[in-house]
Amino acid sequence: MIEMRDVSRTFVIRSRDGRRLRRSRTVVRAVDGISFTIGAGEFVGYLGPNGAGKSTTIKMLTGILAASAGSVRVAGLDPARQRTALARRIGVVFGQRTTLWWDLPLRDSLTLIRHLYRVDAAAHRARLAELTEVLDLGPFLGTPVRQLSLGQRMRGDLAAALLHDPPLLVLDEPTIGLDVISKATVRGFLERRNAEQGTTVVLTTHDLGDIERLCRRVMVIDHGRLAYDGGLDRLRATAGAQRVLVVDLARPGEPVDLPGVSVMRVEGPRQWLAIPQGSSAAAVIAELTGRYEVRDIALREPDIEDVITRLYRAGRGSREAVQ
Amino acid sequence: MGVYLRVAGYAFRRYSTYRVATASAVVTNTVFGFLRAYILIALWQARPQLGGYDVADAVAFSFLTQALIGPVNVFAGSLELTGRIRTGDVAVDLHRPVDLQGWWLADDLGRAVFALVFRGVPTLAAGMVAFGIPLPGPATLAAFLGSAALAVLVGFALRYLVSLCCFWLGDERGLHTVSTVSTMFFSGMILPLVVFPGPLGEVARALPWAALIQVPADVFLGRHTGTGLLGVYAFQAAWAVALLGAGRALTRAARHRLMIHGG
């Protein structure tokens, strides 16, 4: 479905240097030699810190940006050259932007999109009915888009991206800013769409929940290079990310002594314990409460930035995972 | 074609929802029509037959140009597209399976038709009632509508170019101001271009801004007929083609080297 080979994209940044009038010219490599293949029916999470090159990759996939070097093929087409043909085969959602028209009711926006993608009336009716049901659009189909809540708008945007029934769905931070329930709705919808219709999904996010719930395959980009490509579990193992138990003891004291558990930090009665890979948090907690007087416990999952930070710090070693 | 017609239709509808804004625009345009008419009356009483206009022509010119402000969007400087480029929302527009320029042209035409009917007509009607500006015959009126349509096209082409420059400039405000001031001065909004002396007049009458206000107003006043009318149509059409062509070239260039703001 997607094939990228040695793809790079550079931007030229001109900036005024201090008080001198001469302007300096810096070439920024937003994407720096990326190669990967995504097959039909895959659900891929594309991760990376801000500025890593995620959105640039997405824009090259959709043909909004042309690659500076390398080759990009999506659904058998060259995105930059065959942008219009490609747009009819992919659905795109930019979480921070909307494809809907601010002043129009949602229903009218969707009708306009039907004409944009030349969907015939009967197919449109059937798909709209289906999407209305699964995304629960009914209550606000007649509401102008500017009055929708973020969660409603996102559901509307998802419907807009799928009205032409594309085999590939590209989502750029689809759950950004959504509340827990809206997130769950969006995730459930994407999961079903992928499982039942075989829609290939590529998703960028900063939300580990999205990744854990949905993605069987994860790609991590940093400084414009692919730092990891593989399953989620292996990502955690590769990155050496650990879950952390934050413990409030009854009294300040020495770092706790538990087999296999290392103490990362001590601040008065509060201690941060790293749970080793593959260990059960329950076992550690049982051990801990058996030996110490504990006031409170919180378990922290490693967040995605942490995983990526570790991954990147781990250096080039993980590069072999890509090869 | 169908989708562009829809876009135009939706633009028309979108503007029609802002009724108070439309009404206040009509009032403003009309009030300034009176102001400008009295200034020009004073000028033409001091200098009769200046630039080949008489006092009646000058009064009609004031209201005509006021009526054209809306459709030609003289004070806008650029399109809504500018804001979308600044915020990066243009990424959404660029992804759609339509031509970016065609899309925005359709949007602007919908807006222009609305503005002509609901801003232009009432403003001109006010001038007709107050000053007895005569309504020309059907042939002249049709010729005027043709010229006004070309004016809208040239106006769009210019504003589209200004908008696209935002891809490179990062901030459009400077260019916006230059564009608005040039449009006002060289279109005939401040003074009819017929009174500009010597070479300044010749240059001003050859620039694309003349196609926005001066030319359609002169067509309304019956100063261009027969082959003369074809000549001014050709003048407007040539600018429209050249500027739309430049817009296309700039769109292509933007696609290849642009940076979209905000990730």
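This is a predicted model: local features need pLDDT of at least 70, side-chain atom pairs count only at pLDDT 80 or more; totals for chains, interfaces and linings use all residues.
**Entry 1: Asp136(A)**
I started with how open Asp136(A) is. Its relative accessibility is 43%, so Asp136(A) counts as partly exposed. I then looked up where Asp136(A) sits, and found it in the loop between helix 4 (121–135) and helix 5 (150–162) of chain A. Its phi is near 55°, which is positive although the residue is not glycine. I jotted that down because most residues other than glycine have a negative phi.

**Entry 2: Ala75(A)**
Next I checked Ala75(A), where phi is near 50°, again a positive value in a residue other than glycine. Is Ala75(A) buried or exposed? Its relative accessibility is 18%, and the cut-off for buried is under 20%, so Ala75(A) counts as buried.

**Entry 3: chain B by itself**
I moved on to chain B and counted its secondary structure: eleven helices and zero strands. For its dimensions, I noted that the C-alpha trace spans about 60 × 40 × 35 Å along the principal axes. How does the radius of gyration of chain B fit a compact globule? A compact globule of 263 residues would have a value near 18 Å, and chain B has 19 Å, so the two agree. I also found that 51% of the residues of chain B count as buried. Then I looked at contacts in chain B between residues at least 6 apart in sequence, and 81% of these join residues at least 24 apart.

**Entry 4: where chain B meets chain A**
Here I looked up who touches whom: 28 residues of chain B are in contact with 32 residues of chain A. Together the two chains bury about 2,700 Å², with 59% of that on carbon and sulfur atoms. Tyr10(B), His95(B) and Pro97(B) supply 27% of the area that chain B buries against chain A, more than any other three residues.

I went through the polar side as well. There are three salt bridges between the chains. In one of them, Asp89(B) pairs with Arg97(A), and the closest N and O atoms are 3.1 Å apart. I also listed twelve residue pairs in polar contact across the interface.

Which elements of chain B give two or more residues to the side touching chain A? My list is helix 1 (2–16), helix 4 (81–87), helix 5 (90–95) and helix 11 (226–257). Helix 1 gives the largest share, six residues. By type, that side of chain B has 13 nonpolar, seven polar and eight charged residues.

Methods: Residues are numbered from 1 along each chain as its sequence is written. Chains are lettered from A and ligands numbered from 1 in the order in which they are written. Side-chain values use heavy atoms; hydrogens and water are left out. Contact means heavy atoms within 4.5 Å. Buried area is the accessible area (1.4 Å probe) that two parts lose on being put together, summed over both. A salt bridge is a side-chain nitrogen of Lys or Arg within 4 Å of a carboxyl oxygen of Asp or Glu. A polar contact is a pair of N or O atoms within 3.5 Å; within protein, one must be able to donate a hydrogen and the other to accept it, and residues adjacent in sequence count only if both atoms are side-chain atoms. Helices (H or I, at least four residues) and strands (E, at least two) are DSSP runs, numbered from the N terminus. Ala, Val, Leu, Ile, Met, Phe, Trp, Tyr, Cys and Pro count as nonpolar, Asp, Glu, Lys and Arg as charged, and the others, Gly among them, as polar. The radius of gyration is taken over C-alpha atoms; the globule rule is 2.2 Å times the number of residues to the power 0.38. Buried means under 20% relative accessible area, exposed over 50%, partly exposed in between (1.4 Å probe, protein chains only).
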